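Visitor: I've never looked at this one before. Could you walk me through how to read it, one feature at a time?

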Amino acid sequence: MPEESLVEKFQTTGEMKYFAELWRRYAGPAYGRLLRLLGDRAAAEDVTSDTFLRAMEGLRAGKYQRGNFAGWLFTIARRLGLNWRLSAAERYRGGGDRDRPAPPRDPEMRAQVESVLNQLADEHRIALKLLYIERLTFKEIAVHQGWTMKQVKTHVQNGRRMFLQVWTGRSSRTRGAGV
Amino acid sequence: MSPEEREFEEELGAAFRALRERRGPCPSAEALSAYQAGSLEPGEADRVRAHVAVCGLCDSLLVRLKDFDAPGPPPSPVSWPAAERRMRARVFAGANPWWRRLGGLFWRPAPAYALAGIVLLAAVAVRRIADTPPAALRQHPARSIELQVSRSGEPGAPPEDFVVLSFWIPPRPGLRYSASLDGAPPSEIARDDGGGNFHVPYPAARAGKGRHRLLVAGTDRQTGKVEQQVQFEFEGAP
Ligand SMILES: [Zn+2]
């Protein structure tokens, strides 16, 4: 039965067998997406179940616009998954500021650091930001990113190396231009 | 600290801390999604861009979001069946919970008194079990564990009979939970909501007639240390 007919049958009869068929078709794809986004099996299970419960409510309340059930479902999954990650992020930051007092600001240097970060590969840039801006420990980075400790160390080490390469290249270019 | 690390810290530590100062709170899930889809107003998009430039958490989220809709490999054939069963039980148990079906009883005096009598007897029976908790375990009032039997013939039910154990334990953030039924190896369980509600499915044969014991353990996600343990004893479903 096409998915639009399943949706319509569920909305008109309220019979769970139609929703169960939608579950059979889309639980795997929704879970796979959430696992990639969250990097945590228990969290992906929580959010997949919540997604289908919301979808069930939405269908009953007539919130679904016909045409693309899968797209609508994955939009709910994406929103709930992002919320989960953002509230997990708040927990990392909940312990107050772990920093020394901020130094006198040098806006130019700050902008240059930002620009060098943007030239790095994703895993290097993210590892450095999590370590030096968020002040996460290696263990926290591993949990947050779903990386092994070895991967965290490699990404941080290579990230630092690549950063310094671009950073010193940048300053020698600046010096060269000034001569 | 290696010389390389020290050099990095000395030269750049201050600049990174200054970036942290500028970061501000993360945007909402809706704003991040819209930013990634390119559908934010230009001013709002600039604000999100400036935040992401200095936020490791949002940066990592946006990188992962890029692949959200890409076709991925099918879920692992080893862990998927159990995960699917746990999730399905939650979704379909929530759809038509037994206590909602019982709702009508409370408006009629005779069944309500009968029900109250049964609950009282059950509480007395349970109290006797609760009197002898194993050392080092906090015995949770066992009346808060409920059994819901789902027969495979019911609409929306899985193709085998199973029992959902529903219970509540005081919620603790940052813990990962597992449950062990009658001393079997523990398996990971997921919370039903942001609070402490759990609905854990087991094949009906594993929670049949007789006494059963469910041990729930909460492990710190960061340290792996067991921080919370609760044990339930209950009468299985005939
Ligand atoms: Zn952020």
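Guide: Happy to. Keep in mind that this is a predicted model. Let's start with charges: a search over all chains finds 22 salt bridges in the whole structure.

Visitor: What is the idea behind a salt bridge?

Guide: Side chains of opposite charge can pair when their charged atoms come close. Here's a case to find on screen: A:E15 and A:K17 meet through their side chains, with 3.4 Å from N to O.

Visitor: What about salt bridges inside a helix?

Guide: First the general idea: an α-helix has 3.6 residues a turn, so residues three or four places apart point the same way. Now look at helix α6 of chain A, where A:R125 and A:D122 sit 3 residues apart, about one turn of the helix. Their side chains form a salt bridge at 3.2 Å, N to O. A:R125 is buried, with a relative accessible area of 8%, whereas A:D122 is partly exposed at 27%.

Visitor: Which helices of chain B supply the side that touches chain A?

Guide: At least two residues each come from α1 (3–22), α2 (29–37), α3 (42–53), α4 (56–66) and α5 (80–95). The biggest giver is α1(B), with 16 residues. Sorted by class, this side of chain B has 34 nonpolar, 9 polar and 25 charged residues.

Visitor: And the contact as a whole?

Guide: Chain B brings 68 residues and chain A brings 71. About 6,700 Å² is buried between them, and carbon and sulfur atoms give 59% of that.

Visitor: Can we zoom in on one helix? Which residues of α3(B) are buried?

Guide: They are B:A45, B:V48, B:H51, B:V52 and B:A53. Their cover comes from both chains, and includes α5 (107–117) and α6 (122–133) of chain A along with α2 and α4 of chain B. As for length, α3(B) has 12 residues and spans 16 Å from first C-alpha to last, close to the 16 Å expected.

Visitor: Last topic: how do I read backbone angles?

Guide: Most residues other than glycine have a negative phi. A:R135 has a positive phi, near 60°, and is not a glycine. Look for A:R135 in the loop between α6 and α7 (138–145) of chain A; at 22% relative accessibility it is partly exposed.

Visitor: Where is B:D182 found?

Guide: In chain B, in the loop between β4 (175–181) and β5 (187–189). B:D182 has a positive phi of about 50° without being a glycine, and counts as partly exposed at 41% relative accessibility.

Key: Residues numbered from 1 in each chain as written. Chains lettered and ligands numbered in written order. Predicted model: local features only at pLDDT ≥ 70, side-chain atom pairs only at ≥ 80, totals over all residues. Heavy atoms only, no water. Contact = heavy atoms within 4.5 Å. Buried area = accessible area lost by both parts, 1.4 Å probe. Helix = DSSP H or I, 4+ residues; strand = E, 2+ residues; numbered from the N terminus. Nonpolar A, V, L, I, M, F, W, Y, C, P; charged D, E, K, R; others polar. Expected span 1.5 Å × (residues − 1). Buried < 20%, exposed > 50% of the residue type's maximum accessible area, 1.4 Å probe, protein only. Salt bridge = Lys/Arg side-chain N within 4 Å of Asp/Glu carboxyl O.
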